[in-house]
Amino acid sequence: MGDSMKRILYCIWQCTWGFLQSAIGAAVFILHIRNKHYFYHGAVITEWKDKSSVSLGMFVFVTNEPYFYDKLKNEYTMQELSDRLLVHEYGHTVQSLILGPLYLIVIGLPSTLWGFLPHLNEKRKKECISYFAFFTEKWANYLGEKVTNQKSMENLVID
């Protein structure tokens, strides 16, 4: 199957099976219509000023300044981290393809709690646990790497 056919099927599947998260993603996209946008393996990528990134169906919103760059700048360039983060976020779009209407419950909610609950942030920092060790994030890394043949965030400790 050719790349253009894969991208068409990707869009159709995200707009049907992944309708809910893609609809939310479309709304966020419209709110950030003036930002830089491009396509990546069928997904619509938007660069925004937020320090975190999120995937909503076929829409991916990536930070152009990863908050964790300062911690890792001796090992990675900003471009390397941005590229790896994009592969990771793309992995979440593949999860959306697989889970459809269950994506927000199975991936979105646990991922958000893992990322933003203060006591979990403290636990990760105190015990030096990678954000990407959590099942939702580890699976996104795996899927992103499998589909794109590029490196993702692996098990980097970013907190």
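Student: How do α5 and α6 lie to each other, roughly parallel or roughly perpendicular?

Tutor: Keep in mind that this is a predicted model. The axes of α5 (residues 103–116) and α6 (residues 118–127) come within 5 Å and cross at roughly 65°. Angles of 65 to 115 degrees count as roughly perpendicular. So, relative to each other, α5 and α6 are roughly perpendicular.

Student: Okay, which residues of α6 does α5 meet?

Tutor: Start on the α5 side, where Leu113, Trp114, Gly115 and Phe116 make the contact. The residues of this contact split into five nonpolar, two polar and one charged. On the α6 side, the partners are Pro118, Leu120, Asn121 and Arg124.

Student: What arc around the axis do the buried residues of α6 cover?

Tutor: Look for the buried ones, which are Leu120, Asn121 and Arg124. Residues three or four places apart in an α-helix point the same way, because there are 3.6 residues a turn.

Student: Now the largest nonpolar core: which element gives the most to it?

Tutor: That core has 20 residues, and Ala43 and Tyr90 are among those touching the most other members. α2, β2, β4 and α4 each supply at least two of its residues. With five residues, the top contributor is α4.

Conventions. Residues are numbered from 1 along each chain as its sequence is written. This is a predicted model: local features need pLDDT of at least 70, side-chain atom pairs count only at pLDDT 80 or more; totals for chains, interfaces and linings use all residues. Side-chain values use heavy atoms; hydrogens and water are left out. A nonpolar core is a set of buried Ala, Val, Leu, Ile, Met, Phe, Trp, Tyr and Cys residues joined through side-chain atoms within 4.5 Å. Buried means under 20% relative accessible area, exposed over 50%, partly exposed in between (1.4 Å probe, protein chains only). Helices (H or I, at least four residues) and strands (E, at least two) are DSSP runs, numbered from the N terminus. Axes are lines fitted to C-alpha atoms, for helices over the stretch in contact, and angles run from 0 to 180 degrees between N-to-C directions. Angles under 35 degrees count as roughly parallel, over 145 as roughly antiparallel, 65 to 115 as roughly perpendicular and the rest as oblique. Contact means heavy atoms within 4.5 Å. Ala, Val, Leu, Ile, Met, Phe, Trp, Tyr, Cys and Pro count as nonpolar, Asp, Glu, Lys and Arg as charged, and the others, Gly among them, as polar.
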